[in-house]
Amino acid sequence: MTTPYKKKLIEVAIPLEAINAASAREKSIRHGHPSTLHLWWARRPLAACRAVLFAQLVDDPSSHPERFPTEEAVEAERKRLFTIIEDLVKWENSTNEEVLERARAEIRASCDGELPPVYDPFSGGGSIPLEAQRLGLPAYGSDLNPVAVMIGKAMIEIPPKFKDMEPIHPGGKNAGHGGYKNAQGLAEDVKYYGEWMREKAWERIGHLYPKVDLPNEFGGGKANVIAWFWARTVTCANPGCRCQTPLLSSFVLSSKKGSEAYLTPIVEGQTIRFDVGPKFGLIGKKPEEGYKRGKSAIFECAFCGTPTDRNYVAQEGLAGRIGALQTAVACEGKRSRVYLPASSSLLPSDLPETDLPALEFEFQPNPRDVWCRNFGLTRPKDLFTKRQLATLSTFQSLAVDAREAAEKDAISSGLTEDDVPLRDNGKGARAYSEAITVYLTFAVDRAADAWSAQVTWRSSVQASRSTFARQALPMTWDFVELNPFSNSNGNWTDASVDWVYKSLGAFVPDAIGEIQQADAQTVEYPTKCVISSDPPYYDNIGYADLADFFFAWMKPALRGIYPDIFGILATPKSEELVAAPYRQGGAAAAEDFFLSGMKQAIQNMEANAHEAIPATIYYAFKQSEVEKEGISSTGWATFIQAVVEAGFSVVGTWPMRTEKPGRMVSVGTNALANSVVLVCRKKEVTADSVTRAEFIRTLKRELPPAIAELQAANVSPADMPQSAIGPGMGVFSRYKAVLEADDSPMTVKTALQLINAELDEFLNDLHGEFDADTRFAATWFEQHGTDKGDYGAADNLARARGISVESVKHAGIVDSSAGKVRILKRAELDPEWDPAEDDHLTIWESCQHLIRVLENDGEYAAALLLKKLGPDRAEMVKDLAYYLYDVCSNKRKDAKEATSYNGLIAVWTDLTRLAATIRIEDVNRQSAMDI
């Protein structure tokens with residue numbers, strides 16, 4: 001890079017806590033969230049992607065000294081931009097045009113009126129291109145996996161083609177709607193033809209789902225079955241038994257209070273059946289454990305009690321000798337669910353043998369993510385009962401039939417009969433009907449997730465748990481088969497069509513979008529782009545292996561619409577950029593494959609990155625790795641190494657927390673964040689090499705003020721180690737190389753360790769800025785916590801600071817008696833304490849009282865106390881909280897106490913804002929009331 005650039009907001013500061021809170025809250029959003037259109041694993045939260053893109057594109061005010069000549073002016077402008085981000089990340093504002101347009105205006109102002117294109121070469125579930133499009137930016141992306149590509153097309157590429165259209169189905173234009181915006185008209189058509197599919201399916205296969213006769217005690221009459229309960233069976237290994245024993249992991253059907261229902265096994269010779277009732281009928285067994293026994297043996301025989309170990313079951317499964325036994329049914333009662341024995345349900349005897357060649361290929365031998373394969377379920381077809389296969393194939397074929405019906409209706413409604421397909425950018429009747437089929441196929445995929453023989457039952461809420469309740473295809477021993485035509489849990493409309501309809505209707509396609517199938521290492525970018533990407537992390541998820549489940553159902557319906565994407569047997573595996581030892585010949589070969597491929601992909605990013613705008617790359621932390629090695633973990637270090645060697649300088653790192661809802665006050669926070677966003681600039685072509693000593697000198701000069709800025713931005717203590725990596729790596733990666741004493745280049749891992757050491761030194765230096773009593777308390781606390789220590793040692797420590805133990809006792813910090821000294825716990829502090837009345841005020845007690853009030857009385861009371869302390873003392877309290885978090889987390893290993901200090905900083909912005917609204921008269925009035 002030879003031209004100077006303007007710093008972007010993301011290179012300086014972002015409202016991290018607001019972004020993290022919105023990202024965590026997003027986990028609870030269901031209907032209407034884009035992620036519910038189709039399952040994809042480990043998506044980035046939309047709030048985080050939206051905020052990162054905005055901050056990546058908008059200038060930091062320090063880049064405009066002519067407009068913001070003072071630090072105060074710069075800070076005021078940053079706060080204004082922070083307010084925009086804080087509004088932007090709220091879920092309820094994701095379709096708010098006023099909020100979105102405010103953000104777009106800021107982006108245009110920073111990009112000379114032109115909105116640059118955004119490219120994500122690992123587009124996956126499509127979060128980043130979708131949010132780029134929401135912000136009005138041309139959105140491009142690519143992925144190797146055809147399922148991910150179709151998700152991207154359905155979210156980003158198709159909706160803009162039919163934006164603001166009215167529905168074409170009969171009666172659609174006269175439905176009394178107040179106007180169709182964005183993809184709402186398309187969504188209405190998807191819903192209409194989805195219901196059309198249900199009616200046609202009932203005509204074809206309704207007889208496969210017979211009703212049951214309700215006993216008189218439940219009101220009598222006929223009732224829809226909600227779910228059939230099954231347990232897999234295996235021949236007992238005991239030669240003297242050899243009965244077909246159920247591998248039942250629980251006897252509980254419902255644990256909901258007032259609706260309890262249990263299975264009670266009844267053994268009759270060599271057969272077994274199950275009674276159903278409100279009480280469990282076996283003495284000496286726990287109903288929630290079924291026939292499970294410990295870890296070394298998975299089940300005991302229901303007939304003779306012989307343990308059946310995992311290896312034996314696996315052998316029987318691979319030989320095709322695992323069966324299934326129906327145990328019960330759940331049906332729709334007059335007022336609640338009714339559970340009946342299996343004999344109440346008459347299963348049809350004419351279940352068809354369905355020929356589905358797309359489901360015949362075998363899963364890859366993935367020992368971790370697809371371990372159902374170890375028990376004989378080796379093909380997608382094996383994950384379904386005969387009835388489920390017949391049902392899903394019927395809905396799948398109807399999705400294709402719906403295309404023909406929709407095309408006729410589209411022509412009748414006035415769309416062009418031009419025969420240009422969707423894949424060729426068609427916008428007429430054919431393309432529109434093909435688009436409807438894409439979304440209906442997504443509904444079939446959702447149904448496959450809900451209707452497989454991997455679906456289990458949640459007895460506490462009387463509802464099913466889908467196939468992909470976790471990021472794997474495990475083995476399920478008992479499962480439920482849902483009724484697509486019921487009016488309850490798991491039916492076609494509620495489990496499939498409605499989710500697609502609501503998700504599609506909430507899209508805001510404000511710019512063009514295009515997703516292609518390509519390898520990130522070699523993909524051709526359309527032009528110089530703003531790069532934002534969430535690459536796969538090492539071996540966290542076997543995307544391709546898991547995606548085969550959906551690919552098998554997509555392929556028959558969509559290969560006529562996208563023949564290039566679906567002209568393969570299964571999803572691409574050999575080129576997939578994940579470390580898969582079973583595929584690549586061992587752990588070492590897998591690591592080499594991943595790192596060399598990732599370096600090539602990032603080099604491709606760097607070569608096509610916009611010159612004036614930084615790139616952002618998400619890194620997902622693997623928590624087991626973090627627990628062992630912290631911020632200098634091998635995976636983290638090698639990933640940054642790949643980024644640096646690809647030609648980028650890392651100029652910022654922002655920790656993103658997405659898994660824990662609510663404020664950090666009540667959450668244990670010793671673990672690092674779930675992911676980190678790396679902010680990268682192209683490395684200067686004139687970069688020089690420096691020695692280790694020169695690097696450390698520069699680090700000592702530049703890192704402390706950068707950490708101080710992060711503190712000023714209220715980055716929480718738990719997030720500080722990851723945040724400090726950014727400016728530290730900014731120093732390291734600006735050089736061509738940092739040379740060790742033997743002239744070998746310093747590794748990123750070593751640099752991370754040096755950066756962390758400098759952070760520790762910075763936090764220790766804070767200690768020297770406090771009053772003498774606080775410095776004594778901090779050191780004594782580091783050594784003893786709140787336990788007792790010898791008076792003599794305390795006296796020496798106090799004298800070294802020019803005070804006495806009596807002075808610290810007078811300050812209300814310690815208790816001293818019987819030759820022992822200890823720090824007072826917060827619960828022992830005076831609840832009536834008022835800083836205005838304290839003649840021996842210390843930062844230590846100010847900090848402890850502030851935490852006490854926050855945790856006991858809430859944010860307003862804490863803000864009132866903060867106002868009483870005044871701005872200068874408040875800043876010292878914040879510094880002490882950072883220091884004590886480090887002491888508790890890294891030295892004393894006291895997670896509970898660390899959480900209190902982290903929690904204070906987590907709400908610091910809110911406290912200071914609230915304090916600013918409190919008038920001094922209110923403070924004085926409160927003080928008078930306290931007196």
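Over how many bridges do strand S8 and S9 pair? The answer comes with the first view. A quick note before that: this is a predicted model, in which local features need pLDDT of at least 70 and side-chain atom pairs count only at pLDDT 80 or more, while totals for chains, interfaces and linings use all residues. Residues are numbered from 1 along each chain as its sequence is written, and side-chain values use heavy atoms, with hydrogens and water left out.

**View 1. An open sheet of 3 strands runs in the order S7-S8-S9, with antiparallel pairing.** S7 (252–254) and S9 (271–277) are the edge strands, each pairing on one side only. Strand S8 (residues 261–268) pairs with S9 over 7 bridges, in the antiparallel sense. Look for Thr 264 opposite Asp 275 in S9. Strands here are DSSP runs (E, at least two residues), numbered from the N terminus, and two of them pair if DSSP finds at least two bridges between them.

**View 2. Cys 304 is in no disulfide.** The nearest cysteine sulfur belongs to Cys 236, 3.6 Å away, and a disulfide takes two cysteine sulfur atoms within 2.5 Å. Searching the whole structure turns up 0 disulfides.

**View 3. Ring pairs tie eight aromatics into a cluster: Trp 40, Trp 41, Phe 384, Phe 468, Tyr 543, Phe 549, Phe 550 and Trp 553.** Rings of Phe, Tyr and Trp (its six-membered ring) pair if their centres lie within 6.5 Å.

**View 4. Arg 387 has its charged end over the ring of Trp 228, 3.9 Å from the ring's centre.** Arg 826 does likewise with Tyr 901, at 5.7 Å from the ring centre. "Over" calls for NZ of Lys or CZ of Arg within 6 Å of the ring centre and within 35 degrees of the ring normal.

Key:
Helices (H or I, at least four residues) and strands (E, at least two) are DSSP runs, numbered from the N terminus. Rings of Phe, Tyr and Trp (its six-membered ring) pair if their centres lie within 6.5 Å; planes under 30 degrees apart count as stacked, over 60 as edge-to-face and the rest as tilted.
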